[in-house]
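Biologist: Can you put the model up? I have a few questions about it.

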Amino acid sequence: MTAYALGHLRTQSPIHDDVLTYMERIQATMDPFGGRFIVHGETPDVREGTWEGDLILLEFPDIESARAWYDSPAYQEIKHLRADHVPGTIMLIDGCGPDHDSAAMAAGIRAALAQQG
């Protein structure tokens, strides 16, 4: 199942040269794990709630590949170039399969709640 690395970054101005070096090198760390950018540095059009910063969304073939990329020596070597200058949150998460059904999911949650209560 497709997995994602999501970054919520609060970019500082001006952008530090280390961050540009990170940007130049990150794709090479992702390639061995099948990673690719889906969203890179876009500011979302917020419709509900609040959002400060930029969104980064990377796609990987599966969660194991995403974890292997993040933990890889190649990525760990460059991570500080971003992290030292751009605060944020990074997370890895599985995506939904093509047959995901939110109504069936809700029914399962209702059934579980009914058994509890």
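Biologist: Where does Gly 53 lie?

Modeller: Gly 53 is in the loop between β2 and β3. Helices (H or I, at least four residues) and strands (E, at least two) are DSSP runs, numbered from the N terminus. This is a predicted model, in which local features need pLDDT of at least 70 and side-chain atom pairs count only at pLDDT 80 or more, while totals for chains, interfaces and linings use all residues. Residues are numbered from 1 along each chain as its sequence is written, and side-chain values use heavy atoms, with hydrogens and water left out.

Biologist: Which class does Gly 53 fall in, exposed or partly exposed?

Modeller: Gly 53 counts as partly exposed because its relative accessibility is 25%. Buried means under 20% relative accessible area, exposed over 50%, and partly exposed in between (1.4 Å probe, protein chains only).

Biologist: What is Gly 53 in contact with, leaving aside neighbours within four places in sequence?

Modeller: His 8, Leu 9, Arg 10, Thr 43 and Pro 44. Contact means heavy atoms within 4.5 Å. Thr 11 is 42 residues from Gly 53 in sequence, with 6.3 Å between their C-alpha atoms.

Biologist: OK, on to β3. How many of its residues are buried?

Modeller: Seven of the seven are buried, so β3 is largely enclosed by the rest of the structure. Asp 54, Ile 56, Leu 58 and Phe 60 point one way from the strand, and Leu 55, Leu 57 and Glu 59 point the other way.

Biologist: Which way does β2 run against β3, parallel or antiparallel?

Modeller: Antiparallel: five bridges join β2 (residues 36-42) to β3. Val 39 has Leu 57 as its bridge partner in β3. Two strands pair if DSSP finds at least two bridges between them.

Biologist: And how many bridges does β1 make with β3?

Modeller: Seven, and the pairing of β1 with β3 (residues 54-60) is antiparallel. Tyr 4 stands opposite Glu 59 in β3, and Gly 7 has Ile 56 as its bridge partner there. β1 also pairs with β4 (residues 88-94) in the antiparallel sense, over seven bridges. There, His 8 is partnered by Thr 89.

Biologist: Different topic. Where is Glu 64, and what is its accessibility?

Modeller: Glu 64 is in helix α2 (residues 63-71). It counts as exposed because its relative accessibility is 52%. Glu 64 and Asp 94 are 30 residues apart in sequence, and their C-alpha atoms are 9.6 Å apart in space.

Biologist: Now the whole chain. What pattern does it follow along the sequence?

Modeller: The pattern is β-α-β-β-α-α-β-α, with four helices and four strands. The radius of gyration is 18 Å, well over the 13 Å that the globule rule gives for 117 residues, so the chain is more spread out than a compact globule. That radius is taken over C-alpha atoms, and the globule rule is 2.2 Å times the number of residues to the power 0.38. Along the principal axes, the C-alpha atoms fill a box of roughly 55 × 35 × 25 Å.

Biologist: What share of the 117 residues is buried?

Modeller: Buried residues make up 25%.

Biologist: And among contacts between residues at least 6 apart in sequence, what share joins residues at least 24 apart?

Modeller: That share is 74%.
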